[in-house]
Amino acid sequence: MLAIRPLAFTFGLAGLIPFVVTLAIMVFSTHHGPLGTQLFYLYSAGILAFLSGVYWPVSMQMGEHSYPLSPIHAMFLSQVFFVSAGLTLLLDWHLQALIFPVLYILLCLADWFTLPGYWPRWYLNLRLMLTTGVVACQAAAATWLYLVN
């Protein structure tokens, strides 16, 4: 049987690589810096959509269990983060730099507090660790962009 925990950690940590690589392109490449910025925020939106998408199938399983979050609220959470990520892509980088870290923090808080007992503790710890890494990359990108522009 496949051990999901090590796999989740491996894929989760690997998912940080594009944040670091595109941040490095932004900072160290004068020619490709703008492309690095676009890719950084595009990847940010994609990962938010991916992470929030888990609430859709979770909502379909909730009818059989008793959780404080209703299936409609779980579907709503899924869509709010998905749509917010997409709409944020339409904004200028000045606003993207502020909104994306907030969305990541809110999604992590949703994972921790909306379904107590649903997620295994190791998953919540992984989400907290990965969110911290992503928000650090977001803060570094925002600082760099505000300093050079």
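Which helix is I105 found in? I105 sits in helix α6, residues 93–113. Helices here are DSSP runs (H or I, at least four residues), numbered from the N terminus.

This is a predicted model, where local features need pLDDT of at least 70, side-chain atom pairs count only at pLDDT 80 or more, and totals for chains, interfaces and linings use all residues. Residues are numbered from 1 along each chain as its sequence is written, and side-chain values use heavy atoms, with hydrogens and water left out.

I105 is partly exposed, at 39% relative accessibility. Buried means under 20% relative accessible area, exposed over 50%, and partly exposed in between (1.4 Å probe, protein chains only).

**Aromatic pairs**

The structure holds eleven aromatic pairs. Rings of Phe, Tyr and Trp (its six-membered ring) pair if their centres lie within 6.5 Å; planes under 30 degrees apart are stacked, over 60 edge-to-face, the rest tilted.

F19 lies in helix α2 (residues 17–28) and F40 in helix α3 (residues 33–52), 21 residues apart. F19 is buried at 1% relative accessibility. F40 is buried too, at 0%.

Y55 lies in helix α4 (residues 55–61), and W119 in the loop between α6 and α7 (121–148), so this pair ties together parts 64 residues apart in sequence. Both Y55 and W119 are buried.

Conventions: Helix = DSSP H or I, 4+ residues; strand = E, 2+ residues; numbered from the N terminus.
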